[in-house]
Amino acid sequence: MKSKFVQKKTALALVLSGCLLLSGCGGVPAGSTASQATEAPAEETDVPQEAFPITQDQSAELVQAEPEETKDRLLFHIERTRKDAFDPAEGNTRILEYAWDNVRMESSQYPEAAAAIMENLAASQDVWYTGTGEMAPDNYGYNAMLEAAEDSFTIAREYGTVPEECCAERFVSVIRADDAVCAFLISTATDLGIGPKRTVYEVRCFDPKTGELLLSEHAAEDPGQLLTDVNSRWQETVISETADVTIRPMDDVSAAGVEIVDQVVIGDGGEAYLLTFSGTALDVEICAVTFTDRFTVDQQLFFCNELSDCALQLALIFPGDLPNTMLRWRDSAGEHEYLVMLSGEDGHIFLAAGR
């Protein structure tokens with residue numbers, strides 16, 4: 001049944017049509033007008049609202065804002081390779097200790113830049129390995145070092161003295177990684193067995209969005225000035241949050257709803273653990289450490305610029321009573337350094353302050 005509103009609307013339309021016909025001013029055919037006037041709405045309670053034209057100013061207001069750019073997550077894995085050599089006589093005495101680090105980098109937003117950075121680092125490592133570079137640490141290479149080590153061993157055997165072990169090392173660590181710069185500290189040590197070990201440091205900085213090399217500086221013996229130069233050129237990211245970091249066996253943790261951003265293998269075949277970050281932590285490092293009179297870092301294993309409300313899956317081995325893994329990060333409360341410990345009483349894992 002038609003509503004009273006529709007009946008009134010129809011009657012009004014017929015009166016208007018009659019007036020137009022009598023005055024001779026109707027520009028629309030009568031049949032068309034009558035059809036429009038008598039058309040009834042669908043049998044629904046809701047009548048569609050009339051669409052008004054949108055002005056230029058209004059359309060500008062309706063354009064959705066560009067989504068804010070999310071922070072790029074940079075993940076680094078540093079893998080150490082050793083190629084030691086032993087004496088040519090019995091093969092029992094190590095005459096050359098040769099080791100270097102390879103860097104694997106992942107970028108959530110700029111994978112091509114990450115690939116370019118890795119290529120640059122790999123090319124410089126190849127120059128060192130082959131001894132084809134112009135800098136002092138790049139003049140030897142593996143073959144030249146092996147020849148020097150064998151000569152030193154032969155001379156020592158002839159004179160009945162203890163042969164000196166030769167050494168060549170090229171180690172890499174990440175010192176900065178953020179939206180502005182991706183910086184590495186490279187330490188190259190050489191010992192020909194005829195004098196003290198000499199170490200040369202290099203800072204190599206890249207644009208994290210393009211992979212372009214921004215800075216390369218060298219220093220002998222002391223890297224302090226190089227690190228100062230990097231911090232003076234690029235300001236460190238400031239954070240207003242703190243992070244609560246915990247570690248537990250994977251079997252004891254419900255991983256539902258927790259984002260596991262990466263896996264870090266510290267010991268092949270080790271137990272699986274979940275390192276959870278509640279809040280935001282910057283410059284997260286996982287390092288291998290040894291103990292003499294204090295714990296010292298042997299190798300940086302992992303670095304990430306920022307971890308927030310997520311987790312890392314770790315594979316850990318505890319070879320003895322002393323811890324061999326250290327965790328570092330910073331937040332609004334400052335810099336933190338913790339050792340990954342295993343309780344001697346009940347075997348549970350925990351983090352103990354290293355400072």
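Student: What should the 20 residues of helix α4 (residues 111-130) span, and how far apart are its end C-alpha atoms?

Tutor: Please note at the outset that this is a predicted model. The span expected of a helix is 1.5 Å times one less than its number of residues. For the 20 residues of α4 that gives 28 Å, and the end C-alpha atoms are 28 Å apart, which agrees.

Student: Which residues of α4 are buried?

Tutor: A residue is called buried when its relative accessible area is under 20%. In α4 these are Ala 113, Ala 114, Ile 117, Leu 121, Ser 124, Gln 125 and Trp 128. Because they cover an arc of only 110° around the axis, they lie on the same side of α4. Pro 111, Glu 112 and Glu 119 are exposed and sit on the face turned away from that buried side.

Student: What do the buried residues of α4 pack against?

Tutor: Their partners are β3 (94-107), α5 (141-159), β4 (166-177), β5 (182-191) and β6 (198-206). Just after the helix, Gly 131 adopts a positive phi of about 70°.

Student: Which residues are buried in helix α6 (residues 224-233)?

Tutor: Leu 226, Asp 229 and Val 230 are buried there. Their arc around the axis is only 100°, so they are on the same side of α6. The opposite face, turned away from the buried side, carries the exposed residues Gln 225 and Ser 232. The cover over the buried residues of α6 includes β4, β5, β6 and β7 (213-220).

Student: How many aromatic pairs are there?

Tutor: Two rings pair if their centres lie within 6.5 Å. By this rule there are 12 aromatic pairs. One of them joins Phe 76 and Phe 184: the centres are 5.9 Å apart and the planes stand at 80°, so the pair is edge-to-face. Since Phe 76 belongs to strand β1 (residues 74-82) and Phe 184 to strand β5, the pair ties together parts 108 residues apart in sequence. Both Phe 76 and Phe 184 are buried.

Student: How are Tyr 98 and Trp 128 arranged as an aromatic pair?

Tutor: Tyr 98 and Trp 128 are stacked, at 4.7 Å centre to centre with 20° between the planes. Tyr 98 is in strand β3 and Trp 128 in helix α4, so this pair connects parts 30 residues apart in sequence. Tyr 98 counts as buried at 1% relative accessibility, and Trp 128 is buried at 2%. Ring pairs also link Tyr 98, Trp 100, Trp 128, Tyr 129 and Tyr 142 into a cluster.

Student: Where does the charged end of Arg 80 sit?

Tutor: The charged end of Arg 80 is over the ring of Phe 171, 3.6 Å from its centre. Lys 83 lies over the face of Tyr 142, at 4.3 Å from the ring centre.

Key:
Residues numbered from 1 in each chain as written. Predicted model: local features only at pLDDT ≥ 70, side-chain atom pairs only at ≥ 80, totals over all residues. Heavy atoms only, no water. Helix = DSSP H or I, 4+ residues; strand = E, 2+ residues; numbered from the N terminus. Buried < 20%, exposed > 50% of the residue type's maximum accessible area, 1.4 Å probe, protein only. Arc of directions from axis to C-beta. Contact = heavy atoms within 4.5 Å. Phe/Tyr/Trp six-rings, centres within 6.5 Å; stacked < 30°, edge-to-face > 60°. Lys NZ or Arg CZ within 6 Å of the ring centre and 35° of its normal.
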